[in-house]
Structure formats: C-alpha cells, structure tokens
Amino acid sequence: MNPGKILFIPFFLVAAINCRAQTAKEDRIDAEYHKCLLKDTSYATLCNCSFEAFGKWDKEMDKTYKKLLNTLKKDKDKTALKQSQKAWLAYKDAEFNNYNNMFNQPGNKWSILRQDGRVEIVRARTLQLRNYLEALKKN
C-alpha cells in the first residue's frame with residue numbers, strides 16, 4: 001500500500017474539520033470532534049472520534065426535533081414535520097446502505113470514509129432542524 005495514501009485520509013479529515021470551523025461559528029460537537037481528531041491520526045482514534053461525534057449529533061438531532069415539534073402550534077405543521085422526518089430517516093437509511101456497499105473495500109480508510117459520511121448526514125439534518133427552530137423563535 002502506498003504510504004502517501006495512508007496519510008492522506010487522516011490529513012483530509014482534519015483539514016475538513018478545520019475548514020468547517022473557520023467558515024462558521026463552530027458547534028460544540030464539532031469542536032469536540034476536532035479536538036479528538038487532533039489527539040493522533042491513528043485509524044483507531046479517527047474511527048472512535050467519528051463514532052463519538054455521530055452519537056452526539058444523533059442525540060442532538062432527536063432533542064432538536066422534539067423541541068421543534070413542541071414549538072409548532074398547528075396540527076398540520078406538526079404532521080408535516082413528522083412526514084418530513086420520516087422521509088429524512090428513509091433517506092438516511094438509504095445513504096448509509098449506499099456507504100456500506102460503495103465503501104465495502106479492504107482497508108481502514110474505507111471505514112473512516114463511511115463513518116465520516118454518516119456523521120455529516122446527521123449533522124446536516126440537525127443543523128437544518130436548528131435553523132427551523134431559530135426561525136420560529138424569531139417570530
């Protein structure tokens with residue numbers, strides 16, 4: 001295996017987190033993920049950091065979804081959010097299945113790519129739900 005390729009993946013993940021932190025106010029979960037990634041660049045650490053970040057984003061998404069649902073006053077708005085979340089969960093499951101098939105390759109870098117993609121999907125949905133909640137609170 002080419003040693004340059006082995007170093008590329010950890011560098012890419014750390015660079016992506018650094019870029020995300022510089023473009024917007026860094027979220028607490030992203031900050032913890034970033035700090036974890038900087039501990040060392042071993043595959044075990046990268047995977048553990050990613051699994052930890054996924055769990056935190058998933059928990060935050062559930063919490064934000066419930067807050068948003070409780071903020072909505074009209075039944076039709078609550079129903080629409082529930083339908084949206086159900087559709088998003090189907091999308092998430094399909095994407096995770098896609099990652100499992102597409103990145104089902106020998107080598108550690110594939111499991112890291114798979115897990116980092118999962119983190120990004122759940123993170124994006126959480127931030128989307130937060131934006132909805134913030135917009136409703138401003139009215």
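Predicted model: local features only at pLDDT ≥ 70, side-chain atom pairs only at ≥ 80, totals over all residues.

Visitor: Why is Asp27 called buried?

Guide: Asp27 has a relative accessibility of 13%, and buried means under 20%, so Asp27 counts as buried. You'll find Asp27 in the loop between helix 1 (3–23) and helix 2 (28–37).

Visitor: What makes the pairing of the Asp27 and Arg130 side chains a polar contact?

Guide: The two side chains are joined at 2.4 Å, and the cut-off for such a pair of N or O atoms is within 3.5 Å. Leaving aside neighbours within four places in sequence, Asp27 is in contact with Trp57 as well as Arg130.

Visitor: Why is the pair Tyr99 and Phe103 called stacked?

Guide: Look at the rings: the centres are 5.9 Å apart and the planes sit at 25°. Pairing needs centres within 6.5 Å, and stacked needs planes under 30 degrees apart, so both tests are passed.

Visitor: And how do you know what to call Phe103 with Trp110?

Guide: Here the centres are 5.7 Å apart and the planes are again at 25°, so this pair is stacked too. Tyr99, Phe103 and Trp110 form one aromatic cluster.

Visitor: Are Tyr99 and Phe103 buried or exposed?

Guide: Tyr99 has 13% relative accessibility, so Tyr99 counts as buried. Phe103 is buried too, with a relative accessible area of 16%.

Key
Residues numbered from 1 in each chain as written. Heavy atoms only, no water. Helix = DSSP H or I, 4+ residues; strand = E, 2+ residues; numbered from the N terminus. Buried < 20%, exposed > 50% of the residue type's maximum accessible area, 1.4 Å probe, protein only. Polar contact = N/O pair within 3.5 Å; in protein donor to acceptor, adjacent residues only side chain to side chain. Contact = heavy atoms within 4.5 Å. Phe/Tyr/Trp six-rings, centres within 6.5 Å; stacked < 30°, edge-to-face > 60°.
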